[in-house]
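Let's take a walk through a protein together, one stop at a time. Have a look at the picture first, and then read on.

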Amino acid sequence: MTAHLDVLAFDGEPFDALLGSADPGEEKQAAASPRAQQQPTEPRPDSDRPEPTASPAPRNEAAADQVADLIRDVRAELVATHLSAMAVQSALQRRALAALGRTRPGGSTTHPVTVAYTPETGLTVEPAQPGRALELPSPATTMSAFKALARTQVTSLDQAALAELAGGDIAAVFGAAYDQHGDNPDLRLASGAHANLTRVTELTRHGGPWHRGRLRAEYLAHTGDILGAIELAWQAAQVFALQTGLHLCLAGVRFHAGNTRSEVDIDAPLDGTGELILDVVSIDLIPRPWLRVRAELRKAGAVVARVRDLVLEIREAPGTPVAPEIGGVISTSFGRYNADGERALLNEFHMTHSARGDLGIALGPEFSAYAGRRATRMPNHGLQLCDRVMAVEGRRGDLTSATARTEYDSPADSWYYAETANASMPNVVYMETSLQSALLLGYFLGATLTAPEEDYSLRNLDGTATVLREVELRGKTIRQKTQLLSTTVLVGAVLQSFSYELSVDGEPFYRGESLFGFFNETALANQNGLDNGAFVPTWFDAQQTPPAFRTIDVAARRAEPGEVRAAQGHLALLDTVDVVDGGGKHGRGYLRAVRPVADGDWFFAYHFHLDPVMPGSLGVEAVLQALQEWALDAGLADGLTAPEFVVPAGLPLSWRYRGQILADDREMTLEVHIEDVQRRPGRVRVIAEASVWKPGLRIYELTGVAVELRGAGAEPW
């Protein structure tokens, strides 16, 4: 029992492949027939592909007319037979589905069904045995929200745009960012024999009860049953998937439903016109791009049908490569192109697998052995700050030198812009963006393959980086060039140093160098901090007489926003800061803060999979927040017009890490020694040095750590 959805019916001329060779009169007659709306559509040819031509041959007019009449008769019989078969199949299917339905409170009937879709068979719906419904996930947060692979200003679609999607011209509808240069020529919006969308009125990425996306559309249903409801939900899911760019990370892909179990409630006939509201429940790129949706169908404001747990998958054609080959060789396109039309070597699909999926897909078959083991991983979800590897100059196994070019898209609605106290990107994202691209190069080249039996953890050890200029990064693509400088292989550890430069719009804005270590479990356990295992107390605790201090209530300022914004949400790292006026090494002021650490802290789930650790860059961010709060408390913003914080340019920040904050450490302590307060017209800069402790051990040391208050219209420092 199968319903095939091969035609997208709209008001006006229908799509009918059999009309292609008819004479004009016959074409008009066929177009007026209701049966014409149920014929399959031929794939739309590429507009730049010339049609074959041939020289005309002599013909016998009478014989040609007889042949044409015969062809028309045969075509009519074939069409009638096909439609009759479809009608019988649909009738049998409706009867079987109805027999399986169960009554829900309120009188509606629930039909458990299995939905499948392939380009060859179209959409098929079969009865499924009743079972427990899929569990609903928690709503997405700003940190766990799915990052679309492409962005567009198009949030509504008329019939013409839907027809373009049915023809496979996705870039014509959503923009050049969706152009795959022919890698998915047959990916197109399905059409329904029973119902079709006629207009999409709303497309939002983070709407709906799960905050993962919502689509509203108008529809026209020819029959008011379960098949029409499934068709409409399926088309809406396809539109959302295309607008989100799920198809962009693989070549030669097609839509699939994967024989998933869904449920359909029918409250009343849905034939005629109505409204569909589709909400995205889940969306991900592992193991392949997919989304799970729920839909309501309404007529005159009343719900007439519901579709639950319909799953749309995007899969590559059999035999299509999706991962690097042995040795990291990438000999084919994976379907992803950047804004300049340049082919990416690895893309968001591979980065997601490198964070929490199959490392063999991310980097090549040599890494498949790490499945289920603690291994080097990229951070995930909102902390994953590298999208694409565009080029690698180097060879796997050669750890002496190599370069790579990577890209990261920084959407204007990213969580860190909303939550930082800074006017633009916070320092933690500057650091993580640059460091993640560097670590990826070393890992891709095979740093851990020197001892594949070991379970390695990655840790950043030290570095120095400088913001070269103030720049607005909202909505920009950050491009990074990374160079491997050296590799040292030790027993239980591999050390690698890198240099890197970040640019936007062709101009550099951030430059640095850093040292990473890959450590096995034994080496990681032997970390003894910055002082060779000796206990070194904070400056405050080392004083013979406890100094007088006052406390800045950071949480209260966050709750009562002032003129200068405070860090919010995930970036709200401190609640209080103790201040010793005139204290510290330099007699300019001393700050101390203690942050509780718990298993449920958000960063452990994102950094890293199977190896949870607080990012060192967040420890740096906490120090910067203490400095920001002191600067405001000291009145340094007074006299500035519309003051806001910026990351200081031209001032190198250096860090040394010799340990990490884990969940069972229970607290992190930081201290800051104010070194200098500098002023320029419309600007104030505070420079300091700082350290961070876990219980009993000093593990971070920072020099050149600084914050800056900028007034409106102030010239660069």
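**Starting at a helix**

Our tour begins at the start of helix H3, where a side-chain oxygen of Asp-158 comes to within 3.2 Å of the backbone nitrogen of Ala-160. Keep in mind as you look around that this is a predicted model.

Now follow the helix itself. H3 spans residues 159-166, and its buried residues are Ala-161, Leu-162, Leu-165 and Ala-166. These four sit on the same side of H3, because they cover an arc of only 145° around the axis. What lies over them? The cover for the buried residues of H3 includes helix H4 (170-174), strand E4 (195-204) and helix H5 (226-244). After H3 you meet Gly-168, which has a positive phi, near 90°.

Let's step back and view the whole chain. It contains 13 helices and 24 strands, and 54% of its 717 residues are buried. Which parts of the chain touch each other? Take the contacts with a separation of 6 or more: 74% of these are between residues 24 or more positions apart.

Our next stop is Arg-459, which you can find in strand E13, residues 457-467. Is Arg-459 buried or exposed? Its relative accessible area is 7%, and the cut-off for buried is under 20%, so Arg-459 counts as buried. The side chain of Arg-459 also has a polar partner: it makes a polar contact with the side chain of Asp-611, at 3.1 Å. Leaving aside residues up to four places away in sequence, Arg-459 touches Phe-516, Gly-517, Phe-519, Leu-524, Phe-608, Asp-611, Val-613 and Gln-660.

Finally, let's turn to the cysteines. A disulfide is a covalent bond between the sulfur atoms of two cysteines. How many disulfides does this model have? With a cut-off of 2.5 Å between the sulfur atoms, the count comes to zero. Cys-249 is buried, because its relative accessibility is 0%. Cys-386 is buried as well, with a relative accessible area of 1%.

Note on methods: Residues numbered from 1 in each chain as written. Predicted model: local features only at pLDDT ≥ 70, side-chain atom pairs only at ≥ 80, totals over all residues. Heavy atoms only, no water. Helix = DSSP H or I, 4+ residues; strand = E, 2+ residues; numbered from the N terminus. Buried < 20%, exposed > 50% of the residue type's maximum accessible area, 1.4 Å probe, protein only. Contact = heavy atoms within 4.5 Å. Polar contact = N/O pair within 3.5 Å; in protein donor to acceptor, adjacent residues only side chain to side chain. Arc of directions from axis to C-beta.
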